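I'll jot things down as I look them up.

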Amino acid sequence: MEIVAFDTETTGLVTNVKRPVEKQPKIVELSAIRFRVKDGKPDILSTFEGRFDPGEKLSKEVKRVTGISDNDLKGRPSFSDGFGLS
């Protein structure tokens, strides 16, 4: 069986699910790893890492927690543009 695990970094946490989507935190990094377990050990099949410009400056707290700076995201597509979702 193959498994895909995802991890995201965002501009913050969802505090109110009723807020419009454009007011929700934005994804700034998406990482994924596809693997299968053989003999109790993971066998990595592929990995993905993408960074995305949220269209806003990162807070000091987000920079501290993620280690990502505004310069790291400069010139990158937004998450929705990067995946053709807009």
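I started with Glu2, which comes out as partly exposed at 42% relative accessibility. This is a predicted model, so I'm reading computed values throughout.

Next I looked up partners for Glu2. Arg34 makes a salt bridge with Glu2, and the closest N and O atoms sit 2.7 Å apart. Arg34 is in strand β2 and Glu2 in strand β1 (residues 2-10), so this pair ties together parts 32 residues apart in sequence. I noted Arg34 as partly exposed too, with a relative accessible area of 30%.

Arg36 also forms a salt bridge with Glu2, with 3.2 Å between the closest N and O atoms. Again the pair links strand β2 (Arg36) to strand β1 (Glu2), 34 residues apart. Arg36 gets 28% relative accessibility, so I put it down as partly exposed.

Which residues make up the network of salt bridges here? I found Glu2, Arg34, Arg36 and Asp43 linked in it. I also checked the tally, and the count comes to eight salt bridges.

Then I went to helix α1 (residues 60-66), where Arg64 and Glu61 are three residues apart, or about one helical turn. Their side chains meet in a salt bridge at 2.8 Å, N to O. Is Arg64 buried or exposed? Arg64 is exposed, with a relative accessible area of 59%, whereas Glu61 is partly exposed at 45%.

Last entry, on nonpolar surface. I have Met1, Ile3 and Val37 down as a patch with about 330 Å² of accessible area together. Val37 belongs to strand β2 (residues 27-38) and is partly exposed, at 48% relative accessible area.

Methods. Residues numbered from 1 in each chain as written. Predicted model: local features only at pLDDT ≥ 70, side-chain atom pairs only at ≥ 80, totals over all residues. Heavy atoms only, no water. Patch = residues over 30% accessible without salt bridge, like charges linked within 9 Å, V, L, I, M, F, W, Y side chains within 5 Å. Areas by Shrake-Rupley, 256 points an atom, 1.4 Å probe, with all protein chains shown as cover. Salt bridge = Lys/Arg side-chain N within 4 Å of Asp/Glu carboxyl O. Helix = DSSP H or I, 4+ residues; strand = E, 2+ residues; numbered from the N terminus. Buried < 20%, exposed > 50% of the residue type's maximum accessible area, 1.4 Å probe, protein only.
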